[in-house]
Amino acid sequence: MIQETLQFSQTRAFYTGGTVHVIINNQVGFTTHDPRDTRSTLYCSDVAKMIEAPILHVNGDDPEAVVFAARLALEYRMKFHKDVVIDLVCYRRLGHNEADEPAATQPLMYSAIRRKPTTRQLYADQLVREGVIEQAEADAMGERYRRGLDEGKPQAHQVLGLIGNVHTVDWSKYHDVDWTEQVPTGVKLEVLRELGLKAASFPDGFTLHRQVQRIMDDRRKMATGQMMLDWGFAETLAYATLLDQGYEVRLTGQDSGRGTFFHRHAVGHDQNTATPTSRSGTSRPASRASASPTRCSPRRRCSVSSTAIRQRTRTAS
């Protein structure tokens, strides 16, 4: 979690309806031995105050407190649709890599860490004291886990269920494929012409800047074969054909509507009213509900490249 990410988090293109940020606060800055040199604020999570996100500080050595904090954070996010931060205060028992020795710069901290029981041991001892499990059962769990690691078996069990859950992705179709296999990606000329003409069209009465208007006039000539295609129009046609085939396209970032090199102009701006419009033929003022840029598909009006081609797909369906 960094300041730039938080700055973007409340903008129209990147607002998610609330994000749960988890800081694995494991003292990774152990080579900076004096806390006065690590940051300008008391807590590493203080940067989240810029978006007024609640911050939950929780001890990583208390698993039940961590679970409570996680559930509280999720309930807050789901109810208020705002960001929330969990500062998981823990430590790194070993060094940054196999050759690292953190005690060289943090001798007192790592002397204390070496004397400290692990989180697993602390929680197992607690469960035994409370009569939840027997000591032998706790030892067996540790042995079973270690044996699985030694045998190379995955120990991170799926939480969300098998493939097919809406929150998972099935990557199996990408396994053991021949990446050199030729795949036909061509598009019929009449389809390119139709998409190109629509992508270069704006609503009647919409006043484009004269330079943008000249670009659109040239693109209509390109679509009808009167001019050679330039790279900006080729990019637009690439997006248009993807949208026409039902694939979603999302462009985000600075100048994603206009194009960094003044080449895209997926969003036009009326020179008399400053009202933005996509190629769908509908002008509308900017608002959170009509965020630009946003996710785009042939079934949704949006403000990214070649949106007018959805007129074609709606007609075809």
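**Note on the predicted model: sheet, salt bridges and surface**

1. Helix H2 (residues 63–80) lies across E1, E2 and E3 and runs at about 165° to E2. The angle is taken between N-to-C directions on a scale from 0 to 180 degrees, with axes as lines fitted to C-alpha atoms, for helices over the stretch in contact; contact means heavy atoms within 4.5 Å. Helices (H or I, at least four residues) and strands (E, at least two) are DSSP runs numbered from the N terminus.

2. On provenance: this is a predicted model, in which local features need pLDDT of at least 70 and side-chain atom pairs count only at pLDDT 80 or more, while totals for chains, interfaces and linings use all residues. Residues are numbered from 1 along each chain as its sequence is written, and side-chain values use heavy atoms, with hydrogens and water left out.

3. The three strands under discussion form an open sheet with the order E1-E3-E2 and parallel pairing. Strand E1 (20–25) and strand E2 (55–59) are the edge strands, each pairing on one side only. Neighbouring strands of this sheet are turned against each other by 20° on average, direction ignored. Two strands count as paired if DSSP finds at least two bridges between them.

4. E1 and strand E3 (residues 84–89) run parallel and are joined by six bridges. Within this pairing, Ile23 has Asp87 in E3 as its bridge partner.

5. Overall, the protein has nine helices and five strands. Read from the N terminus, the elements run α-β-β-α-β-α-α-α-α-α-α-β-β-α. Of the contacts with a separation of 6 or more, 63% are between residues 24 or more positions apart.

6. The protein has 317 residues, of which 31% count as buried. Buried means under 20% relative accessible area, exposed over 50%, and partly exposed in between, with a 1.4 Å probe and protein chains only. The protein exposes about 21000 Å², and carbon and sulfur atoms supply 54% of this area. Accessible areas come from the Shrake-Rupley method with a 1.4 Å probe; for residues, only the protein chains shown count as cover.

7. The structure holds nine salt bridges, each defined as a side-chain nitrogen of Lys or Arg within 4 Å of a carboxyl oxygen of Asp or Glu. One of them joins Lys153 to Glu151, with the closest N and O atoms 3.1 Å apart. Glu151 is partly exposed at a relative accessible area of 46%.

8. Another salt bridge links the side chains of Glu194 and Lys198 (3.6 Å, N to O). Both residues lie in helix H6 (residues 189–199), four residues apart, about one turn of the helix. Glu194 is partly exposed at 30% relative accessibility, and Lys198 is partly exposed at 21%.

9. Asp255 and Arg258 also meet through their side chains in a salt bridge (3.0 Å, N to O). Asp255 has 30% relative accessibility and counts as partly exposed; Arg258, with a relative accessible area of 36%, is partly exposed.

10. Val169, Trp171, Tyr174, Val177 and Trp179 make a nonpolar surface patch of about 600 Å². Patch residues have over 30% relative accessible area and no salt bridge; like charges are joined within 9 Å, and nonpolar side chains (Val, Leu, Ile, Met, Phe, Trp, Tyr) within 5 Å. Trp179 sits in the loop between helix H5 (135–150) and H6 and counts as exposed at 68% relative accessibility.
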